[in-house]
2 protein chains.
Amino acid sequence: MLDGVPRTRAEIAHLTGLSRSTVSARVDELLRAGVLAPAGAAASSGGRPPARVAFNPVARVVVGIDLGATHGTVAVCDLAGGVLSAETIDLDIADGPQPVLTAVLGTAGSLLDGVGRPWADVAALGLGLPGPVEHVTGRPVNPPIMPGWDRVDVPALVQAELGLPDLTVLVDNDVNVLALGEHATWWAEADDLFYVKVSTGIGAGIVMGGTLQRGARGSAGDLGHVRVPWAADSPRPPEDERELEDIASGPAIAARLREAGVDARTSADVVAFVRAGDRTAIELVRQAGREVGAVLATVVNVLGPSVVVIGGTIGRAGEDLLAGVREVVYRHSLPLATERLQIVPARGDSNAGALGAAIMAARHALAPEAIASWLARED
Amino acid sequence: MLDGVPRTRAEIAHLTGLSRSTVSARVDELLRAGVLAPAGAAASSGGRPPARVAFNPVARVVVGIDLGATHGTVAVCDLAGGVLSAETIDLDIADGPQPVLTAVLGTAGSLLDGVGRPWADVAALGLGLPGPVEHVTGRPVNPPIMPGWDRVDVPALVQAELGLPDLTVLVDNDVNVLALGEHATWWAEADDLFYVKVSTGIGAGIVMGGTLQRGARGSAGDLGHVRVPWAADSPRPPEDERELEDIASGPAIAARLREAGVDARTSADVVAFVRAGDRTAIELVRQAGREVGAVLATVVNVLGPSVVVIGGTIGRAGEDLLAGVREVVYRHSLPLATERLQIVPARGDSNAGALGAAIMAARHALAPEAIASWLARED
């Protein structure tokens, strides 16, 4: 139904395989919630023409927030993931949850004002954080770059800050919301997508069977701490057993650049040298791509995705990382797994994280339980 | 509902989050299909007590068939996966699809007779094959040990053999049906389970988010062709880049045994020597476990399952393979990923594959589309 195409109850029954009576009961409920709206009548072969209904994405709005180490992006979106308004502000995640959340929720309030929607219209709020999160509880778990957030009940803090104890607040790590956003926006027809973020850290978001998979306790996607298989053409000696993040992340590449006499510290520095055409930087990024590819070759054989998306500051710096990844994955994965595999750069822009968080919120808001409780509150 | 607990419509609405009217329409449909049956009435605070309904697993039956290289196991099950009758026959998969299917479908017919159910009562038939299968079409794809089955439309052959063109026939590879059966029977509360079969080949079945994940084109689960990370304590030199199946499968272990002067050829030979206490065989199996563990360490970090199940002829030969797997996985995976991870032997018996295939069929038969078309045919 989310495609917005107007349909009759009979057409919906046919598409879903549910009975006419089940569909009618459910459609009435969604009409009452405003999530479906009456659309033009269908052609009739005689008698009263059957009424059509269509998804009404502006029945409510959702707020998506993407927090990074030094910025926060806020987006107000409709229920179909259309961005109504967005803004990025500077902040320091290390200041801790209270001042950071006060700042971004203030921005969210201003954006809502700007589009003329009160907080009461917000069906849910999604939040992406730069560290491991136990999604079920919304609590960060030992987040390295934000120690002051460890085990904090983020949903409760958001509700308290807004004075909205019933607001649904969903928290996840930033790579998961990026994967969700990229999948929903560009690859909705692909059931199996693997999103890799290569920046200060290296992580993955996994969509399988059309659904974001978080693993037990939300621990899925840790690519950064995987041991990299040694390869005969690797510049490392085999005894040098390393984890992916130690050899292919932005800071790891910057350290290699410093060894070569180039003053680089951060992922952004690495990207600047690549963009300036520095041959050492370019070769190091390509080699990092090969190391990422060595791990992805295993992932591709085991999970069999149809799309691998390469994102993050380093991943989006150009074609060099991608070229290294492709080189190794196609050499080491099976034909059945790679025959129709696409390895592509992330398409999302700087709002991608906030959009992904908003889509996470919207999906939750459209689940039957959520709509039922929303109707119950209005009755 | 599949737990068999009798519930009122109001209780079902509360559990599912669906509205009372949606639930009533759906319950009426399932009562009509016989999948739900009236159960005792609930206690009432006055007036007519609300009627309870319960899942009726014997409304129909399903047939599960597990084909191996030299045997076929057939099980007739109820819709909840209870085995009503089962039998294993000898066959040679290399004889090709027609004689093999004739044999196992004949066995299925005898078993149905024995439990007094006609083929008309069979809601669906599930079939596990020892090779890659494109699940959507039911066609094997380049199956190494059954070349005569390549691209064969197995569902059409089954329907033709039985003269039942409308029978739903689902085909999958044997590891997927084993994973499905193990999950449904023993680990239903675990959303994320990774099943590894170590026999003549090495493959995996992946349950994530409670659902069997087949990947794009059904290619997921290929562990056997993953390159094994070299480890400093490995008996192999680092230049010896090898795929998992070449160093840890039954035939690979048998080849090492022959190098040590022991006459072993097959997985069964390896198991016999292990059971007889042969120290070389035991150490080789344990080392194979370490190599499997080196690959599983990556899988555990990336997928974050709560349960890893080790099955297959070699996997079930005792604790040796399991001990090697555990040793390496716990050393090389992150605490967040392994804190509550269980690595356990497969519990299913020799009927496990057929049971898994039957459960695959039952799940499909209980989907709304299937029940709708079944009602439509009876109307």
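User: Hi! Where does N142(B) lie in chain B?
Analyst: Hello! In this predicted model, N142(B) is in the loop between β9 (139-140) and α4 (154-162) of chain B.

User: And what is its phi near, for N142(B)?
Analyst: Phi of N142(B) is near 45°, which is a positive value in a residue other than glycine. For background, most residues other than glycine have a negative phi.

User: Is N142(B) buried or exposed?
Analyst: N142(B) counts as exposed, because it has 12 C-beta neighbours inside 10 Å, and the cut-off for exposed is 12 or fewer.

User: Over to chain A, then. Where is R151(A) found?
Analyst: R151(A) sits in the loop between β9 (139-140) and α4 (154-162) of chain A. Phi of R151(A) is positive too, near 65°, and this residue is also not a glycine.

User: Buried or exposed, that R151(A)?
Analyst: R151(A) is exposed, since 12 other C-beta atoms lie within 10 Å.

User: New topic: which rotation superposes chain B on chain A?
Analyst: A rotation of 180°, with 0.0 Å of shift along its axis, and the RMSD is 0.0 Å. That is the relation of a two-fold axis.

User: Which C-alpha in chain B is nearest the axis?
Analyst: The one of P229(B), 2.1 Å from the axis. The same surface serves both copies, with 100% of the contact residues of chain B recurring in chain A.

User: How many residues does the contact take from each chain?
Analyst: It takes 54 residues from chain B and 54 residues from chain A. On the chain B side, the elements giving two or more residues are α2 (20-33), β12 (202-208), β13 (211-213), α9, α12 (335-338) and α14 (368-378).

User: Which element has the largest share on that side of chain B?
Analyst: That is α9(B), with seven residues. By class, the side of chain B that touches chain A divides into 25 nonpolar, 17 polar and 12 charged residues.

User: Speaking of α9(B), at what angle do helix α7 and helix α9 of chain B pack?
Analyst: α7 (residues 250-259) and α9 (residues 279-303) of chain B pack at about 140°, with their axes 10 Å apart. That makes α7(B) oblique to α9(B), and α7(B) passes α9(B) in a right-handed crossing.

User: Which residues make the contact there?
Analyst: From α7(B) come I253(B), R256(B) and L257(B), while α9(B) brings T280(B), A281(B), L284(B), V285(B) and A288(B). The contact of α7(B) with α9(B) has six nonpolar residues, one polar and one charged.

Notes: Residues numbered from 1 in each chain as written. Chains lettered and ligands numbered in written order. Predicted model: local features only at pLDDT ≥ 70, side-chain atom pairs only at ≥ 80, totals over all residues. Least-squares fit on C-alpha atoms with pLDDT ≥ 70 in both. Contact = placed C-beta atoms within 7 Å. Axes fitted to C-alpha atoms, helices over the stretch in contact; angles between N-to-C directions. Helix = DSSP H or I, 4+ residues; strand = E, 2+ residues; numbered from the N terminus. Parallel < 35°, antiparallel > 145°, perpendicular 65-115°, else oblique. Left-handed = near helix turned anticlockwise from the far one by under 90°. Nonpolar A, V, L, I, M, F, W, Y, C, P; charged D, E, K, R; others polar. Buried ≥ 20, exposed ≤ 12 C-beta atoms within 10 Å, placed from the backbone.
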